Amino acid sequence: NESQSKTSYMLLFMYCGMSAGMAIGAALDNIGVGMCLGISVGLAIGGIIDLKNNSKENNTYLLDEQIRQSILFLESKWVEKNIEFDIDFDTIKFYGSENLMIHVWNNLISNAIKFSPINEVVKMSLKVIDKEIVFTISDNGPGVNEENKKYIFNKFYQADTSHKQEGYGLGLALVKRIIDLSYGKIDVVNLEPNGCMFIVKL
């Protein structure tokens, strides 16, 4: 039946992710990191394909509350670096897949924390502008090299090789795919004197 079919292909993608993760882990000399990455990517890809072929999981929910849940989910990361948040959210209803959109917020917020210096502030905004839902997140990190900006959403691309164990560029590639399938857009701009801002429009 439909449920069994869905479970089967999700397991298939997870298995493929594990296989790829073992190869990545061997290259990193850290099988655990590779396996976690592979499984996460496999499950996310399975979910993306499900969104493309089946919209039954879509529903209307509060986007601002989902992003707050993502912040709480990542608490250990921002507490460790003593990161604070400057948040300006409107109450906004959104129709889409909660299970997939949470990957967008987790990835963008995690990256902002990762690249922010200790004791810094991450700014986030969620507004409706010209009938579009606009989410922005900015940090005070090193920013993105102008040349690298052309590739930052490509699979396996990693602008900063010192973070090669923390993403391999797959995170942002999946984020863009989810947003594309949700009929949205994502962009990144550098800030002065430092840092960058990711902009999501839905």
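Biologist: What makes up the secondary structure of the protein chain?

Modeller: Six helices and seven strands. Helices (H or I, at least four residues) and strands (E, at least two) are runs assigned by DSSP and numbered from the N terminus. Starting at that end, the elements follow one another as α-α-β-α-α-β-β-α-β-β-α-β-β. This is a predicted model: local features need pLDDT of at least 70 and side-chain atom pairs pLDDT 80 or more, while totals for chains, interfaces and linings use all residues. Residues are numbered from 1 along each chain as its sequence is written, and side-chain values use heavy atoms, without hydrogens and water.

Biologist: Why are β2 (84-89) and β6 (185-190) called edge strands?

Modeller: Two strands pair if DSSP finds at least two bridges between them. The open sheet has five strands, in the order β2-β4-β5-β7-β6, with mixed pairing. β2 and β6 each pair on one side only, so by that definition of pairing they are the edges. From one strand to the next the twist averages 15°.

Biologist: How do you know that β4 and β5 pair?

Modeller: Strand β4 (residues 121-129) and strand β5 (residues 132-138) share seven bridges, in the antiparallel sense. The definition asks for at least two, so they count as paired. Val128 has Ile133 in β5 as its bridge partner.

Biologist: What makes α5 a largely enclosed helix?

Modeller: Buried means under 20% relative accessible area, exposed over 50%, and partly exposed in between (1.4 Å probe, protein chains only). Of the 18 residues of α5, 13 are buried, so the rest of the structure largely encloses this helix. Helix α5 (residues 98-115) lies across β2, β4, β5, β6 and β7 (196-201), at about 25° to β5. That angle is taken between N-to-C directions, from 0 to 180 degrees, with axes fitted to C-alpha atoms, for helices over the stretch in contact.

Biologist: How does the span of α5 compare with the expected one?

Modeller: The expected span is 1.5 Å times one less than the number of residues. From first C-alpha to last, α5 reaches 26 Å, close to the 26 Å expected.

Biologist: What makes a set of residues a nonpolar core?

Modeller: Its members are buried Ala, Val, Leu, Ile, Met, Phe, Trp, Tyr and Cys residues joined through side-chain atoms within 4.5 Å. The largest such core here has 37 residues, and Trp105, Leu108 and Phe135 are among those with the most contacts inside it. α5 gives the most to this core, with eight residues. Contact means heavy atoms within 4.5 Å. Beyond four places in sequence, Trp105 touches residues including Leu63, Phe135 and Leu202.

Biologist: Is Met124 buried or exposed?

Modeller: Met124, in strand β4, has a relative accessible area of 3%. That is under 20%, so Met124 is buried. Met124 and Ile87 are 37 residues apart in sequence, yet their C-alpha atoms are 4.9 Å apart.

Biologist: How much of the protein chain counts as buried?

Modeller: Of its 202 residues, 42% do.
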